[in-house]
Amino acid sequence: MPVTSRVDGNVAVVTIDHPPVNGLGHLVRTELLRELRQALASDAIRSVVVTGRQGCFSAGADITEFGTPRSTAEPTLAEIIGEIDASAKPIVAAIDGTCFGGGLELALAMHYRVATPSSTLALPEVSLGFVPGSGGTQRLPRAIGMAAAADLITTGKSRTAAELAEIPVQRLFEDVYDGDIVVHAVQVAARIDDARPLPRLRDLTPSDRIGDDQLTEMRATLRAQHRGLEAPVAALDLVARSATTPFDDAIAEERGTFLRLVGGAQSAGLRHVFFAERQARKIPDLPEETITRPIETVVVIGAGTMGCGIVVSFLNAGVPVTLIDTTRDALERGRLTVAAIFDSYVRKGTLSAREKDTRLLRLRTSIDLHDGGNADLVVEAVFESWDVKRSVFSRLDAVMKPGAILASNTSTLDVDELADVTERPQDVVGLHFFSPAHVMKLLEVVRGARTAPDVLATAMTTARRLGKTAVMSGVCDGFIGNRMLQSYRDAAGRLLRSGLSPQDIDSAIESFGFAMGPYRVGDLAGNDVGWAVRRRRYAENPDMPHDTISDTLCEMGRFGQKTGAGWYDYPNGGRNPVPSPVVEEMLSRFRPGIASGERPTDRQIAERLVFALIDEGARILDEGIAQRPSDIDVVYVSGYGFPRHRGGPMYYADQIGLDQVLATLIADNPDGWQPAPLLVRLAKEGGTFG
Ligand code: NAD
């Protein structure tokens, strides 16, 4: 039974018991209402406690029901809350564990709330593109104040009950109690069973106000942060209503906004990504019961940009690391970089000074590979050079204990060829982190032709342990993400040649919702990195066309922010890009007699870049490099700044229509260029990637 009841003296205890997270799907709503009505109607009952099992009050709506009739079928959560509002008997929420979304809205409608200190509360709706729809935007400001509520609702972040109880004027909790919360709630319910009038948050006013100027500033900040996503600003505006609008009118407005956003394209895109991320963990030919190898100690080779970020990721997850490089100087620099990252956490207040020291104590450094020979996992992050990596892998083969997993962070090199260097190709896998490795969520797990199933399974679970979103990729130059990026950059290069400037292209793709355009990214990451990769590719494929504009930029020493100049100028060592007359002059040399036809609109510019991603994505899918289109979406959303609310390139393609994508690609590409066969086939059949 998803909802059960028992009686304790004069108190009815109603328990939501619907694993895994007590989601408020249609069945739970129906039974909850029935049990509540029964308790409220019974003469023997003077007060009611509502709680949840499985260390969870309720994680809120069942999002698998979204878009189906069940999500709006009666009784809705709003109806249940209406009955609570009308109740003549006190109702106490006993909160332990997760209390999110609709679960929190339900609790907010009750007369009293008690919670264990570690319970986590949140209204995370904005992360799925909508706003709370059952009173959350009106009751939470009355419970903890408008400013605190606005912060919680517009970010979707969770806070513990202990933290929320610290808010100076709070009417959220009757008390926070460290013990059996149901026993405690029953005592509270028995104590207050004749207290009248019943305290209802709806009858109060928020204890503070957000002024008009402050509101304008907050809206602007949210717009800048969320680049086109509607829900956070809509949520803020609803919170603001709690001070100005009668409760029932504001609730009606909240409901209207909720319904509009939940049925809109942005929420659909965000929900797609939510499910895609969960799906990406599954590898069809890898049995779920595959036993993983224990990872208790790790070696990271290379104390450079990536190595240090990877070290921090493992230390954050509590895994001791030995960092290896060729010189003590490099190791010292690495240790300082790692310490500086922890210092920044301490400054932000997310890490205590003591915990920082504990983490640093788990880091050893050495110039001798033998010092790491007993580790369970090695992550190699040395220079992107075949010769250097080959020599490192052959030494690893000689030194590492049997069964150790040998992983490479290579961005472009062939993981199978690296495996061939060793006598244990089954233990070799790619772990492609993104820069900065301790920040970026994405981890491409590259499965070699002979990678053993348990090595693959261990790589996927290790990613989760690090808090990363793992996506499996097959072996190819650039794997999923960087290979598609090449097509995207090529499309940008064609636009440059046609007469547009780097800033035209960057601002168009940024207004589409990308975090940063390709030229700003190049300047940030270092244009020399791509240059080194291109030179290797030119050597390997003598017929390949050269990217002469980018090569010329690098020959001019314009590597980006690190040299104070790249596609943009960075005057006085700053980080603000300024359009560069030098670059404009250089570009003019590559544009013989341009500027025929009209300048494309921002939308057209963005589509050329995004459609190039889609075309390459279709090839990657066809070749089996990606398991499913949604995996490609996850790569782009979590690793490349693709706007999450647009669902990723492959999902976006399906929304636009593949025939339209194909027609635009054909019109924009050079003569002789062939679109991806899978795209052509699906467009002809009227099919979709999904
Ligand atoms: P980096 O130049 O910053 O660091 C490389 C480090 O490896 C240096 O400290 C160097 O001293 C050390 N090293 C070189 N040879 C070594 C050896 N034989 N033994 C031990 N240490 C050695 O390079 P990076 O940017 O950190 O890149 C490292 C790897 O990560 C490359 O394969 C690169 O393609 C990949 N990668 C880089 C990025 C990025 O954005 N920088 C992103 C993803 C993957």
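In which helix does Glu31 lie? Glu31 belongs to helix H1, residues 26-41; helices here are DSSP runs of H or I with at least four residues, numbered from the N terminus. Before going further, please note that this is a predicted model, in which local features need pLDDT of at least 70 and side-chain atom pairs count only at pLDDT 80 or more, while totals for chains, interfaces and linings use all residues. Residues are numbered from 1 along each chain as its sequence is written, and side-chain values use heavy atoms, with hydrogens and water left out.

Let us stay with Glu31 for a moment. Glu31 counts as buried because its relative accessibility is 10%, where buried means under 20% relative accessible area, exposed over 50% and partly exposed in between, using a 1.4 Å probe and protein chains only. Not counting residues up to four places away in sequence, Glu31 touches Met1, Pro2 and Val3; contact means heavy atoms within 4.5 Å.

Next comes the nonpolar interior. A nonpolar core is a set of buried Ala, Val, Leu, Ile, Met, Phe, Trp, Tyr and Cys residues joined through side-chain atoms within 4.5 Å. The largest one has 67 residues, and Leu32, Val50, Leu106 and Ile144 have the most contacts inside it. Helix H10, residues 231-244, supplies the largest share of this core, nine residues. A second, separate core of 64 residues includes Ile505, Met586, Ala653 and Leu658.

Now find helices H14 (residues 328-348) and H15 (residues 353-361), whose axes come within 10 Å and cross at roughly 155 degrees. That makes H14 roughly antiparallel to H15, since angles over 145 degrees count as roughly antiparallel, under 35 as roughly parallel, 65 to 115 as roughly perpendicular and the rest as oblique. On the H14 side, Arg335, Val338, Ala339, Phe342, Asp343 and Val346 meet Ala353, Lys356, Arg359 and Leu360 in H15. The residues of this contact divide into six nonpolar, no polar and four charged.

Our last stop is Arg603, in helix H25, residues 602-622. Arg603 is partly exposed, with a relative accessible area of 42%. Setting aside neighbours within four places in sequence, Arg603 is in contact with Arg646, Tyr652 and Ile656. Arg603 and Ala508 are 95 residues apart in sequence, and their C-alpha atoms are 6.8 Å apart in space.

Technical notes. Axes fitted to C-alpha atoms, helices over the stretch in contact; angles between N-to-C directions. Helix = DSSP H or I, 4+ residues; strand = E, 2+ residues; numbered from the N terminus. Nonpolar A, V, L, I, M, F, W, Y, C, P; charged D, E, K, R; others polar.
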